[in-house]
Amino acid sequence: MTVEDMVVRSVGWRRLDPRMCLVNLRWILPPLGILALTALHSGSVNWEDHKLQIVSALLFVYLTCSEMVRWRTTRYRVTDEQVEVHSGLFWRRHVAIPRDRLRTVDVTSGPVHRVLGLSIVTMGTGQALRTDRRHQLKIDAVSVAEAGVLREELLPRSQPAKPAPADVPRARAAEQIARLDPRWVRYAPLSPLVFVIGLAPLSQAYNLAERLGIPVDIGGAVVGAVEFLVSIPGWLFAVFVVMVLVAGAVGTVLLFAESWWRFRLERDPGSGTLRVNRGLITTRSFTLEERRLRGAELLEPFMLRWGKGARLKAIASGLRQTLDGPRGGSGALLPPAPRRLAHETAASVLREAESPLLPARLRAHPRAALRRRLFRAGAASAAAVAAAALLAAVAGWSVGWSAAVVAVVAVPVSVVLAVDAYRSLGHTLHGAYLVTRAGALRRRTVALQRAGIIGWTVTRSPLQRRSGLATVAATTAAGTTGTYVVRDVGYGDGLMMADEAVPGLLAQFIEKTAE
Amino acid sequence: MTVAQKAGAVRLRPPQNTVHRRAITMWTTRSAVSYGLVALVFLGLSAFVEGAGTVFAVLAFLTALAGACYAIVVPRWRYRVHRWEVTGDAVYTSSGWLWHQYRVAPMSRIQTVDTLRGPFYQLFKLSAVTVTTASAMGPLTIDGLDEEFARDLVDRLNRVTQATPGDAT
């Protein structure tokens, strides 16, 4: 090893940003706020009542000390071959990930991080599918500028290790695929959250009351509230519902703004990556290598579907899948947006002339699939009616009437859902993609690259065997479950589709039936 | 390229090989022991819990009955469904009893091949061979091969997969 090597090796190590030690301020501010509030309220502070706040303050001191230790002991570096993170005082941990295994780089900044000018950089590898921490490197936290530098460094360069100044402007010319249109905010309230958020202030009020030590009889409050709602005239009840819905709508719009403010989807032709930037208070930046892209999925929860809207997500190997909450998981390529635009975006992300997700080409499934769904609807309704009758018998109401009322609601709803679920079913092979769609309340269309299919799983329940159906799943290195499913397809149809999708694999195990 | 032109006229043929017959004995023992343990716990509770003795005794009896039925019927049934096959370019398995599952993994996409031997397997000199791909769905399993035979099979599969280039995603 030459002297120059030594210099490079020691110089290569970098530290976290010292401001990270202050991030735990969030542990001290709420207790201080509560102390101040109670002091104002009662004129003095009774420390006996504030054990929780004292514990919280001690926690802050402890966390800050441990963060300082973490700052002192953590180093990281990026070499040509790998990314290394070295950390720990007593339990030394050294993680090295080969750079060609890096699949995604996420940069996030929460509110506290943003005030301090910090970002968290998370790197995912192909094995991170099950959010396994061993295969995920988190650098928490560096300055915003450093995070940008890291992201540029970590993703593959078209010309390795030659950052000539003349190249920089050309490499910066990212191609924009989509950006936020403020009119999309109309899709925000088309979410089940609209019914829930309006009730949230109540639970917050209860929380605050509890913290301030105001005794609340929660059971009595609920019973009282129900009695109150039953006793008030119909029009007042309607006003109440409208108020909850308006509050819910405002809440979902705020949530939409928080998640999708300044949303931009870009392609960087130089590094062959896709990048999503978004967020108001917490900013998120998500970068994905295009060669890891295995397809796209279109999500249409039922309310969004009524509004002709849809969401779009990427399917990619090594994509760290997070829960698909209102803020959109980490593979989100679009906020709730017009369906037509989602198709256009899918086409340009996948570099296709036309979106493979378009419904027109999908082939319907056998009628037996509809019978299965109607049978389930019948069973669910019967269960609901039986439960209602049982409850009525216990409560001493009229059993016949309760059962009838529930049946009048449950039967049509479940039948409509069953028919809709059947009409959602569809599959096809389109160009390089296997396309499959299913789901009533949450319709999901998936286009999976045929080249990304690494096996098949065919499952048949006893009832499916009787009615000539099968569930054919393509296994792949992408996605949380590792499979994309064609549900209740005709047995022969499904096998032939699988055989055609990946030629030469399944054919050797398929035989003609005697008839 | 397709095997038949008319839909509905094709089906998957069962894989060629069964697992070892000792697997039936192993599965029977395993389910008998696990149901037996639960029944024993209930029996113990019936002796020690005041006032609920009869309830737990009945539960113990029902568990033992269900366990006996399961241990007699299911392993034999499972044995008839569970088959496997290794061809030049793929691994193919079928498994289940009520729900039948057929799985295919192309040789070029296999990442690792391992054996798994729990205590019951060791008792009966059996192995489970697991074939892992890059999918999060989990490995293909051939459950209940003779120990020696499984070792040879794993060696053979590992030689083939190591000779195949690519990162199997």
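Predicted model: local features only at pLDDT ≥ 70, side-chain atom pairs only at ≥ 80, totals over all residues.
**Entry 1: a helix pair in chain A**

I looked up where H2(A) and H3(A) touch. From H2(A), the residues Trp27(A), Ile28(A), Pro31(A), Ile34(A) and Leu35(A) take part. On the H3(A) side I find Gln53(A), Ser56(A), Ala57(A), Leu59(A), Phe60(A) and Leu63(A). Sorted by class, this contact has nine nonpolar residues, two polar ones and no charged ones.

Next I checked the geometry. Two packed helices are described by the angle between their axes and the distance between the axes. Helix H2 of chain A covers residues 25-42 and helix H3 of chain A covers residues 51-73. Their axes come within 8 Å and cross at roughly 155 degrees. Angles over 145 count as roughly antiparallel, and H2(A) and H3(A) are therefore roughly antiparallel to each other. I recorded the crossing of H2(A) and H3(A) as left-handed.

**Entry 2: chain A overall**

I counted 16 helices and 21 strands in chain A. The chain has 515 residues, and 34% of them count as buried. I then took the contacts in chain A between residues at least 6 apart in sequence; 58% of these join residues at least 24 apart.

**Entry 3: chain B overall**

Chain B has four helices and eight strands. Reading from the N terminus, I get the order β-β-α-α-β-β-β-β-α-β-β-α.

For its extent, I looked up the radius of gyration. Chain B has 21 Å, whereas a compact globule of 169 residues would have a value near 15 Å. Along the principal axes, the C-alpha atoms of chain B fill a box of roughly 70 × 40 × 30 Å.

Buried residues are 27% of the 169 in chain B. Of the contacts in chain B with a separation of 6 or more, 54% are between residues 24 or more positions apart.

**Entry 4: where the chains meet**

How many residues of chain B are in contact with chain A? I find 30 residues of chain B in contact with 40 residues of chain A. On the chain B side, strand E1 (10-12), strand E4 (90-95) and strand E5 (100-106) each supply at least two residues. Which element gives the most to this side of chain B? That is E5(B), with seven residues. By class, the side of chain B that touches chain A has 18 nonpolar, eight polar and four charged residues.

Technical notes. Residues numbered from 1 in each chain as written. Chains lettered and ligands numbered in written order. Axes fitted to C-alpha atoms, helices over the stretch in contact; angles between N-to-C directions. Parallel < 35°, antiparallel > 145°, perpendicular 65-115°, else oblique. Left-handed = near helix turned anticlockwise from the far one by under 90°. Contact = placed C-beta atoms within 7 Å. Nonpolar A, V, L, I, M, F, W, Y, C, P; charged D, E, K, R; others polar. Rg over C-alpha atoms; globule rule 2.2 N^0.38 Å. Buried ≥ 20, exposed ≤ 12 C-beta atoms within 10 Å, placed from the backbone.
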